[in-house]
Amino acid sequence: MMSIDALDRAILSHLSQDGRLTNVELAQRVGLTPAPCLRRVKRLESEGIITGYRARIDPAATGRGFEVMVSVEISINDLQTVEELEGAITAYDEVVEVHRLFGRPDYLIRVAVEDSATFETFLTTKLMALRAVARVDSHMIMKKLKTSD
């Protein structure tokens, strides 16, 4: 595992806030000249610490402003069934985040759709139709207080 120093942490902090910073801007912010700053960024990328860059999109502007956290418990735990379930869940366009958990529930899923009717259709025709699903609890998101996006 690679060692990360204070300059690397500063680079990561600035890039996580604004991934579109130019190398010159980033170098100025962390107190380096551009060439060593670029070498550090490339090293962080090649070591897999920086895994990519992306745009943050307003979900409401794209018709996905209705978000629900769904906890799922499964009744079948053999490897093949779990792999099929996870493959199906991660393939759904409505699913924007999935976590397999220790204990109960087995999964925590964030779903983003247009409205409650669309969510109901997703829940009843896709998620609850998976044979391993034993229990589903839905929690509509009232307000986001902090995100890692």
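User: Where is R110 found?

Analyst: R110 is found in strand β3, which covers residues 107–113; helices (H or I, at least four residues) and strands (E, at least two) are DSSP runs, numbered from the N terminus. This is a predicted model, in which local features need pLDDT of at least 70 and side-chain atom pairs count only at pLDDT 80 or more, while totals for chains, interfaces and linings use all residues. Residues are numbered from 1 along each chain as its sequence is written, and side-chain values use heavy atoms, with hydrogens and water left out.

User: Is R110 buried or exposed?

Analyst: R110 has a relative accessible area of 14%, so R110 is buried; buried means under 20% relative accessible area, exposed over 50%, and partly exposed in between, with a 1.4 Å probe and protein chains only.

User: OK, switching to rings. How many aromatic pairs does the structure hold?

Analyst: The structure holds 3 aromatic pairs. Rings of Phe, Tyr and Trp (its six-membered ring) pair if their centres lie within 6.5 Å, and planes under 30 degrees apart count as stacked, over 60 as edge-to-face and the rest as tilted. One of the pairs is formed by F66 and F119, and this pair is tilted, with 6.5 Å centre to centre and 50° between the planes.

User: Why does the pair of F66 and F119 tie together parts that are apart in sequence?

Analyst: Because F66 lies in strand β1 (residues 66–74) and F119 in helix α5 (residues 116–127), the pair ties together parts that are 53 residues apart in sequence. F66 is buried, with a relative accessible area of 18%, and F119 is buried too, with a relative accessible area of 8%.

User: And what about Y92 and F122, what kind of pair do they form?

Analyst: Y92 and F122 form an edge-to-face pair, with 5.6 Å centre to centre and 90° between the planes. This pair links distant parts of the chain, since Y92 is in the loop between α4 (79–91) and β2 (95–100) and F122 is in helix α5, 30 residues apart. Y92 counts as buried at 15% relative accessibility, and F122 is buried with a relative accessible area of 2%.

User: Which residues form one aromatic cluster?

Analyst: The aromatic cluster is formed by F66, Y92, F119 and F122.

User: Now zooming out, how many helices and strands does the chain have?

Analyst: The chain comes to 5 helices and 4 strands, and along the sequence they follow the pattern α-α-α-β-α-β-β-α-β. The radius of gyration of the chain is 20 Å, well over the 15 Å that the globule rule gives for 149 residues, so the chain is more spread out than a compact globule. That radius is taken over C-alpha atoms, and the globule rule is 2.2 Å times the number of residues to the power 0.38.

User: What does the C-alpha trace span along its principal axes?

Analyst: The C-alpha trace spans about 55 × 35 × 20 Å along those axes, and buried residues make up 29% of the 149 residues in the chain.
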